[in-house]
Amino acid sequence: MTMAGRLGQKMNQDEVHQNQIMRELFLKEFRTQKLYTQYHVNPLRKVHTITRKPMSWHDNLEEPEDAKFLNLVHHAAQGPKKKYSETQTEAQEIGWDPHPLINPDRQDRRLNHFRVYHDITLYKAKLWSLGEDDHQK
């Protein structure tokens, strides 16, 4: 049979070959699957509460508090400085210590350069506010 004849027609396979193909397919799927049996709340996402239905009997049952779950939720709600003693990422290093490194003395001229007006600067500021293009004529 020629190559073109094989592409146009499917080969007739018996049940043994079909069963072997299905078995290989299932084994390939089972190798990639993992069964999770322990579930937990992602501590990085905010928990949104949903109001319960007032007439639902199963929502009105009293359930015991889960201390492990409550601790996990309270730990997730804390800020990063309360959770960790050091920064966990490079981005957290910015703003981790909000206190200034030096005393912000407003009288120190090395750090504070206030705008000082003299005669020439007052003249030029007034000229710019009126529009310098009009006065160059």
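What follows is a short chat about reading a few features of this predicted model.

Colleague: Okay, on to charges. How many salt bridges does the count come to?

Modeller: The general idea is a distance cut-off: a side-chain nitrogen of Lys or Arg within 4 Å of a carboxyl oxygen of Asp or Glu. By that rule you get two salt bridges. In one of them, Asp-97 pairs with Lys-81, and their closest N and O atoms are 4.0 Å apart. That pair ties together distant parts of the chain: Lys-81 sits in helix α4, Asp-97 in the loop between α4 (80-83) and α5 (119-130), with 16 residues separating them.

Colleague: Are Asp-97 and Lys-81 buried, partly exposed or exposed?

Modeller: Asp-97 counts as exposed because its relative accessibility is 58%, and the cut-off for that class is over 50%. Lys-81 comes out at 47%, so it is partly exposed.

Colleague: And which side chains meet at 3.0 Å, N to O?

Modeller: Those of Arg-110 and Asp-108, which form a salt bridge. Arg-110 is exposed, at 68% relative accessibility, whereas Asp-108 is buried, at 17%. Buried here is anything under 20%.

Colleague: What about nonpolar side chains? Which residues form a patch on the surface?

Modeller: First the helix geometry: with 3.6 residues a turn, residues three or four places apart point the same way. Now the case here. Met-22, Leu-25, Phe-26, Leu-27 and Phe-30 make up a nonpolar surface patch, with about 470 Å² of accessible area together. One of them, Phe-26, lies in helix α2 (residues 15-32). Phe-26 is partly exposed, with a relative accessible area of 40%.

Colleague: Now α5. How far does α5 reach from its first C-alpha to its last?

Modeller: The way to read a span is to set it against 1.5 Å a residue. The twelve residues of α5 reach 17 Å, close to the 16 Å expected.

Colleague: How many of those twelve residues are buried?

Modeller: The count is one, so α5 is hardly covered, given that buried means under 20% relative accessible area.

Technical notes
Residues numbered from 1 in each chain as written. Predicted model: local features only at pLDDT ≥ 70, side-chain atom pairs only at ≥ 80, totals over all residues. Heavy atoms only, no water. Helix = DSSP H or I, 4+ residues; strand = E, 2+ residues; numbered from the N terminus. Buried < 20%, exposed > 50% of the residue type's maximum accessible area, 1.4 Å probe, protein only. Patch = residues over 30% accessible without salt bridge, like charges linked within 9 Å, V, L, I, M, F, W, Y side chains within 5 Å. Areas by Shrake-Rupley, 256 points an atom, 1.4 Å probe, with all protein chains shown as cover. Expected span 1.5 Å × (residues − 1).
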